[in-house]
Amino acid sequence: MLSLAVSVALCIGAAGAIEDPCAQAGPASLWRAVQAQYSTYRLNSLSDLSEHERKLYESENAGSCPGVAKADFFGDKVTSYALILRSGKEAIVITARHAARGWQLVEVDRIPDGSVSAVFAEPKGTFEDVATGERRSSKHAVVHVVKYESSSIVYILEDSAFHPVFLKD
């Protein structure tokens, strides 16, 4: 039950210095809500990346957590979070936004083989799916999930659901 809280807490060294940026990547109330709903999952962190992926990630995102992105994904002018959570080989992508009654968690996608490196927030725009050629536009920030040197997917919120657009296969 405490796996997510423990994984975030273990990122803090004995002297209290932050060793992993995931330790402070979101408010404590968010981690409690995620733990309550996804008790067997833990946050994707730098240690989940291969050495090569870690170098790529840190070259452009030093001091950030590969399992957390922040932006206004819902278009309500409130910061929300996109998270990658792991359990065994599986990974899931969820969004979280603070509502009047606590955190609202929305599952965006499941990645059964866990082949995902990091999540990012990208600005609104138009994106073309490499598989279908279909173009989709977003009115606000999108969730961007990557597996370095392999795949790249943005998730656009339309009609209260996130829809994938494959940018790289």
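I began with terms: strands are DSSP runs of E, at least two residues long, numbered from the N terminus. Two strands pair if DSSP finds at least two bridges between them. I noted that this is a predicted model, where local features need pLDDT of at least 70, side-chain atom pairs count only at pLDDT 80 or more, and totals for chains, interfaces and linings use all residues. Residues are numbered from 1 along each chain as its sequence is written, and side-chain values use heavy atoms, without hydrogens and water.

I found an open sheet of four strands in the order 6-9-10-11, with antiparallel pairing. Strand 6 (118-122) and strand 11 (161-168) are at the edges with a single partner strand each, so one side of each has no neighbour in the sheet. Strand 9 (residues 142-147) and strand 10 (residues 151-158) pair over five bridges. Valine 146 has serine 152 of strand 10 as its bridge partner.

**Serine 151.** I located serine 151 in strand 10. Is it buried or partly exposed? Serine 151 has 23% relative accessibility, so it counts as partly exposed (buried is under 20%, exposed over 50%, partly exposed in between; 1.4 Å probe, protein chains only). Beyond its neighbours within four places in sequence, serine 151 is in contact (heavy atoms within 4.5 Å) with Val145, Val146 and Lys168.

**The cores.** A nonpolar core is a set of buried Ala, Val, Leu, Ile, Met, Phe, Trp, Tyr and Cys residues joined through side-chain atoms within 4.5 Å. The largest has 19 residues, and Tyr155 is among those touching the most other members. Strand 10 gives the most to this core, three residues.
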